[in-house]
Amino acid sequence: LALPIPATAFIGREAELAHVAELLADPDCRLLTIIGPGGIGKTRLALQTAVGHRPVFADGVAWVALNGVQVPEQVTAVVAEVLNYRLRGSGQPEAELFHLLADKTLLLVLDNFEHLLPAADFLTRLLRQTTAVKLLVTSRQPLDLQEEWRFDLGELPLPETLSEDVLAVNSAVQLFVQSARRVSTTFAPAEADFPIIVRICQQVGGMPL
């Protein structure tokens with residue numbers, strides 16, 4: 001199953017990536033929601049998790065982008081399309097999809113769920129009709145389901161000092177430099193630039209976007 005190809009290198013979030021992996025490894029955690037405001041990096045963290053978990057799930061990892069889905073009733077069809085399942089149109093597409101997923105060992109990533117909260121019960125029904133499917137969801141809001149485990153994603157850590165060693169490994173500074181180099185490939189910050197870069201990172205509150 002194809003995953004989106006990231007446009008940039010993954011920077012930082014080592015602790016968050018490890019924590020998400022730990023939660024997904026818990027047999028009791030079958031629905032994990034990465035929650036945070038727009039631009040905080042939910043999609044990027046979910047994608048990096050998806051890539052790393054391909055070897056973990058026998059039937060792979062499927063990425064379902066929901067930003068183009070307008071109504072909750074479309075979720076079943078979109079999931080089936082991503083999985084390359086051709087539903088027969090029997091009038092019970094949801095039941096048919098669940099039957100196809102019943103014995104799959106699969107990680108299903110549903111990105112940008114916040115505008116489809118009325119469809120959250122679909123996830124509950126899916127989990128009840130399958131045995132080894134796990135769901136990783138990104139949303140600006142919690143789903144408020146009994147089965148849901150929540151992972152609140154915060155801002156990138158800001159450097160506590162302006163020492164060269166700290167700045168060299170700080171993910172907020174690294175992300176700024178990476179972004180600047182996309183605009184100007186010759187960009188190489190001098191020592192005098194770092195206080196300004198840090199101030200910019202502080203002004204945006206460590207928000208990656």
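This is a predicted model: local features need pLDDT of at least 70, side-chain atom pairs count only at pLDDT 80 or more; totals for chains, interfaces and linings use all residues.
Residues are numbered from 1 along each chain as its sequence is written. Local features need pLDDT of at least 70, side-chain atom pairs count only at pLDDT 80 or more, totals for chains, interfaces and linings use all residues, and side-chain values use heavy atoms, with hydrogens and water left out.

**Exercise 1.** Determine the strand order of the open sheet and its edge strands.

*Solution.* Strands are DSSP runs (E, at least two residues; helices are H or I, at least four), numbered from the N terminus. Two strands pair if DSSP finds at least two bridges between them. The order is β2-β3-β4-β1-β5, with parallel pairing. β2 (61-65) and β5 (148-152) each pair on one side only and are the edge strands. Between β2 and β3 (residues 105-111) there are five bridges; Ala62 has Leu108 as its bridge partner in β3.

**Exercise 2.** Compare the span of helix α7 (residues 171-183) with the expected value.

*Solution.* The expected span is 1.5 Å times one less than the number of residues.

**Exercise 3.** Identify the residues that touch the most other members of the largest nonpolar core.

*Solution.* A nonpolar core is a set of buried Ala, Val, Leu, Ile, Met, Phe, Trp, Tyr and Cys residues joined through side-chain atoms within 4.5 Å; buried means under 20% relative accessible area (1.4 Å probe, protein chains only). Among the 29 residues, the answer is Leu108, Leu110, Phe113, Leu123 and Leu135. Helix α5 contributes the most, with five residues. A second, separate core has 20 residues, including Leu3 and Leu47.

How values were computed:
Buried means under 20% relative accessible area, exposed over 50%, partly exposed in between (1.4 Å probe, protein chains only).
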